[in-house]
There are 2 protein chains.
Amino acid sequence: MRSPQALRNGGADNRSPTPRFHSTVAEQKLRRFNSLILVFRLTSFSFSLASFVFMLTNIHGSDSPHWYDSDTFRPKFCIRFVLAANAIVALYSLFEMVASVWEISRGATVFPEVIQVWFDFGHDQVFAYLLLSASAAGTAEARTLKERDTCTVSNAFCVQSDIAIALGYAGFLFLGFTSLLSGFRAVCFIINGSRFHL
Amino acid sequence: MRSPQALRNGGADNRSPTPRFHSTVAEQKLRRFNSLILVFRLTSFSFSLASFVFMLTNIHGSDSPHWYDSDTFRPKFCIRFVLAANAIVALYSLFEMVASVWEISRGATVFPEVIQVWFDFGHDQVFAYLLLSASAAGTAEARTLKERDTCTVSNAFCVQSDIAIALGYAGFLFLGFTSLLSGFRAVCFIINGSRFHL
């Protein structure tokens, strides 16, 4: 079995000139920490994907044909924003889940450690803000649709929109938790030069 | 001059039983770090207050009397959300500015150190998300108002709303930066048991 130090920077070739001792306990703790991140990412992925699918089937559903051409179903911008933000977060979560499984199974990060740590934290933060703002804008638009005749023309459209937006908020919540964990990992890296300090 | 250790937990009486040495360099670094946080808080406060005042004068302005009773100026919920979020952030920033000035001038935190560090980070995070979601919802509503006859009835109302929302986004940006700095301080506290490690 390779030592954790040898596995730090995405491969066995990137050994530090001053290797430090990391106990099996520290490695087990890191594995448990990474598993927790993986569970959060899986939850976030599920909610975002569900939100995306709900909104997409809503837009192209039989109840509301050509909604985007119709004045009744305007404004449309924020609904598209919800759709795009959830798609982006679902794709990102999928990539990060693969990276997490890779890290747990091989003990090494996909990118070099310093890039991986900052990549995770930066994207978690930005996408959490993106998803929240999309959901908030979507909520405002859903309220507007209710005040027009949209919901009398097609009540199913409004209910499905509400569900999609609520799923987006749930996705944001778990992405927010993940961002706290990856932020903790990033600061551990700044201070100790290793993500192993937990 | 009192040692930094004596000043850690909100007063000279809360001395740790095992005092540690903190150099004047570390103290100066902390003072510079706190000054940076103070500048960010001041900027965030200015933008939020400006946004609040703009939106309030807009609502009660002579151009749009009783906008909240009029169907033309509906929906109104998100505009109130923008108003409330900016007021909360302005008040919170004002309080935190006083706490920062206190800390820089006296070298001690207002609350005990552990509470202060988590209070700052938690509130920065929550209020940054609050302000962003209010601004996003406000943007969605402002778009809706433009598509109705609101902006033809009173163009000044729409322009002033846009400015207020933009100022809210600026406030969020600086609150986000502050949240990163206070997050760094919180993790320093977890790892080293002191906000002095910079």
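Biologist: Which residue follows α5(B), and is its phi positive or negative?

Modeller: Bear in mind throughout that this is a predicted model. Directly after α5(B) the chain has a residue whose phi is positive, near 70 degrees, and that residue is B:G193.

Biologist: How far apart are the end C-alpha atoms of helix α5 of chain B, and what span should its 38 residues have?

Modeller: Helix α5 of chain B covers residues 155-192. The expected span is 1.5 Å times one less than the number of residues, so the 38 residues of this helix should span 56 Å. The distance between its end C-alpha atoms agrees with that expectation, being 56 Å.

Biologist: Which helix of chain A supplies the largest share of the nonpolar patch on the surface?

Modeller: The patch is formed by A:V114, A:I115, A:W118 and A:I190, which together have about 360 Å² of accessible area. Three residues of the patch come from one helix, residues 113-147 of chain A, and this largest share belongs to helix α3.

Biologist: Does A:I115 count as buried, partly exposed or exposed, and what is its relative accessibility?

Modeller: A:I115 lies in helix α3 of chain A. Buried means under 20% relative accessible area and exposed means over 50%, so A:I115 counts as partly exposed, with a relative accessibility of 47%.

Technical notes. Residues numbered from 1 in each chain as written. Chains lettered and ligands numbered in written order. Predicted model: local features only at pLDDT ≥ 70, side-chain atom pairs only at ≥ 80, totals over all residues. Heavy atoms only, no water. Patch = residues over 30% accessible without salt bridge, like charges linked within 9 Å, V, L, I, M, F, W, Y side chains within 5 Å. Areas by Shrake-Rupley, 256 points an atom, 1.4 Å probe, with all protein chains shown as cover. Salt bridge = Lys/Arg side-chain N within 4 Å of Asp/Glu carboxyl O. Helix = DSSP H or I, 4+ residues; strand = E, 2+ residues; numbered from the N terminus. Buried < 20%, exposed > 50% of the residue type's maximum accessible area, 1.4 Å probe, protein only.
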